[in-house]
Amino acid sequence: MKDIIKHSLKDLMFEIENNSYKIIEKEIEEITKKMEDFKEPNIEPMIYPINLETFELREDEVEEEYNLEEILKNSTSYLNQVKVPKVIE
Amino acid sequence: MIKKSIKETVKNAHIINDKLNIFELILESDGFGIPYVLSNNISTSNIKTTGSTKILENYFPIYDATIYKKLKKQGFVLVGKTKTPELGLTTNNHSSVLAVTNNVVPFSISATNDASLRSYNKAIVFKPSFGSISRHGLFVTSSFNSVEIQANSVSTCAHLTDILKGKDNYDMFVQDDATNYLLEIDKLTENKLFKNKLFYFKTNNKEFNDLIKKLTNIGFIIEEIDFDSKLVEMISTIHKIILMVEASSSSANLTGIPFGKRGKGNSIEDIIIDSRTNGLSEILKRNLVIGNYFLQKDNKETYLKAQKIRSLVVQEMNKLFKKYACFISPVNNVQTEELLIANLGGYPSITLPFKNIGLNITSSLFNDCKLLQIAYIIDSLGVDINV
């Protein structure tokens with residue numbers, strides 16, 4: 001189970017404290033057991049309360065524009081661009 | 001910013017000095033100058049909105065949530081943001097309800113994924129149908145996510161729904177709705193309700209039964225249904241699986257790179273890992289791991305099964321809603337399986353406070369009008385039916 005959790009952590013891109021492994025493991029086991037004890041219904045799974053197929057997509061039109069300064073104010077920026085470490089050697 | 005908003009409120013209050021009764025104003029003047037609060041997981045441009053998470057501790061959104069935009073247009077004045085569970089995903093927090101019950105503001109609006117606010121038995125809390133009010137600008141959306149209104153009267157909830165509802169290009173589920181909830185609120189057409197045979201908490205059953213008797217005396221027909229207890233007992237488990245699966249995906253944008261508190265590292269990957277490791281709480285991270293676990297190839301059948309059980313619960317409820325207008329259940333500060341049914345089906349649901357307990361009323365999808373009519377009658381007789 002610890003390896004599976006580690007796999008999840010890689011996907012999720014964060015680390016957890018050592019004591020969290022056991023807590024997560026216990027909770028997953030409890031959930032899995034409860035789910036196994038219930039007979040799977042022969043029914044379509046519900047994704048949203050409203051059926052997505054009945055909706056049309058809107059036109060892809062720009063309605064509101066934001067200026068670059070506004071967008072970048074929440075990030076570490078340099079010369080009007082988001083600054084990140086070098087990715088090409 | 002909040003000080004500026006308060007100044008605006010006071011200025012506006014002076015302008016409308018002859019109508020200082022804010023409760024009347026909500027109904028009469030479309031909100032001009034009325035103060036309110038939003039939960040801190042609803043986007044408000046240039047006002048710090050943290051979602052109660054460290055990774056967004058200095059985040060200033062660049063856009064307004066649709067609901068905030070609509071309230072601003074009507075002249076309501078935002079005077080504060082209330083604490084929320086971290087990204088609306090962790091433990092309960094009743095700040096937005098307390099702002100109303102302590103008379104700080106006449107109403108507040110929150111974004112929630114569960115029934116924690118409706119489980120509080122001291123205030124009126126209304127969750128409109130999924131697809132009734134736009135969710136654009138709510139942090140970490142899920143298929144349970146909805147806007148909830150906390151107010152001191154049912155008619156205030158109806159009036160705010162009139163203002164907030166309607167088609168929005170940023171939320172594909174929301175459709176136009178021509179109903180005027182406030183005008184229709186006193187035109188009750190149905191009085192047949194149902195309740196579950198079992199209660200999911202052990203206290204105050206007598207008070208709830210007394211309340212039922214009094215509702216029957218004023219003309220409601222209330223029948224008892226024996227729910228499939230095994231199915232009901234699955235509700236919180238499937239809610240948790242589905243919510244955490246969806247949240248593990250929709251919180252993936254919290255990287256600390258384009259916005260949010262940036263961590264340290266020599267590569268983009270290291271920065272993201274450090275930002276998320278230190279920016280998200282341990283409790284939230286555990287929940288997200290559980291969500292991701294059920295998304296993995298070997299475990300996805302459990303997730304699929306949870307969605308099927310959700311279908312089954314909704315199917316059973318929809319059958320009952322063909323016969324009855326609403327489902328009622330007691331509320332006693334505990335998030336019960338019965339309250340979560342509204343999240344599963346996207347149903348409209350309202351909690352009304354009484355002396356020591358609360359009463360929750362839930363109706364079928366898009367039957368918000370019927371629900372508010374019934375709640376209005378019960379609430380307006382509140383003094384008489386207090387137990």
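The legends below describe close-up views of a predicted model. Local features require pLDDT of at least 70 and side-chain atom pairs count only at pLDDT 80 or more, whereas totals for chains, interfaces and linings use all residues; side-chain values rest on heavy atoms, with hydrogens and water left out. Residues are numbered from 1 along each chain as its sequence is written, with chains lettered from A and ligands numbered from 1 in the order in which they are written.

**Figure 1. Overall form of chain A.** Chain A contains 3 helices and 2 strands, arranged from the N terminus as α-α-α-β-β. The radius of gyration of chain A is 23 Å, well over the 12 Å that the globule rule gives for 89 residues, so chain A is more spread out than a compact globule. Helices (H or I, at least four residues) and strands (E, at least two) are DSSP runs numbered from the N terminus; the radius of gyration is taken over C-alpha atoms, and the globule rule is 2.2 Å times the number of residues to the power 0.38. Along the principal axes, the C-alpha atoms of chain A fill a box of roughly 55 × 45 × 25 Å. Buried residues make up 26% of the 89 residues of chain A, where buried means under 20% relative accessible area, exposed over 50%, and partly exposed in between (1.4 Å probe, protein chains only). Chain A exposes about 7,300 Å², of which carbon and sulfur atoms supply 48%; accessible areas come from the Shrake-Rupley method with a 1.4 Å probe, and for residues only the protein chains shown count as cover.

Figure 2. Chain A carries 12 positive and 23 negative charges, whose mean positions are 12 Å apart. Lys and Arg count as positive and Asp and Glu as negative, while His and the chain ends are not counted; each charge is placed at NZ of Lys, CZ of Arg, CG of Asp or CD of Glu. Glu59(A), Asp60(A), Glu61(A) and Glu63(A) form a negative surface patch. Patches are made of residues with over 30% relative accessible area and no salt bridge, like charges being joined within 9 Å. Glu63(A) lies in the loop between α2 (18-37) and α3 (68-72) of chain A and is partly exposed, at 41% relative accessibility.

Figure 3. A salt bridge is a side-chain nitrogen of Lys or Arg within 4 Å of a carboxyl oxygen of Asp or Glu; the structure holds 12 of them over all chains. Lys26(A) is bridged to Glu30(A), with the closest N and O atoms 3.4 Å apart. Both residues belong to helix α2 of chain A, where they are 4 residues apart, about one turn of the helix. Lys26(A) is exposed, with a relative accessible area of 53%, whereas Glu30(A) is partly exposed at 46%.

**Figure 4. Two salt bridges of chain B.** Lys370(B) pairs with Glu190(B), the closest N and O atoms being 3.2 Å apart. This pair links distant parts of the chain, 180 residues apart: Lys370(B) is in helix α14 (residues 368-380), and Glu190(B) is in the loop between α6 (181-184) and β6 (192-196) of chain B. Lys370(B) is buried, with a relative accessible area of 14%, while Glu190(B) is partly exposed at 31%. In another bridge, the closest N and O atoms of Lys285(B) and Glu282(B) are 3.4 Å apart. These two residues are 3 residues apart in helix α11 (residues 282-293) of chain B, about one helical turn. Lys285(B) is buried at 2% relative accessibility, and Glu282(B) is buried at 14%.

**Figure 5. The buried helix α5 of chain B.** Helix α5 (residues 154-164) of chain B has 11 of its 11 residues buried, so the helix is largely enclosed by the rest of the structure. Among these buried residues are Cys157(B), His159(B) and Asp162(B). Gly166(B) follows α5(B) and has a positive phi, near 110 degrees.

**Figure 6. Positive phi in loops of chain B.** Most residues other than glycine have a negative phi. Ser52(B), which is not a glycine, has a positive phi near 55 degrees. Ser52(B) sits in the loop between β1 (35-39) and α3 (66-73) of chain B and is partly exposed at 29% relative accessibility. Asn103(B), also not a glycine, has a positive phi of about 60 degrees. The loop between α4 (95-101) and β3 (107-112) of chain B holds Asn103(B), which is exposed at 59% relative accessibility.

Definitions and conventions:
Patch = residues over 30% accessible without salt bridge, like charges linked within 9 Å, V, L, I, M, F, W, Y side chains within 5 Å.
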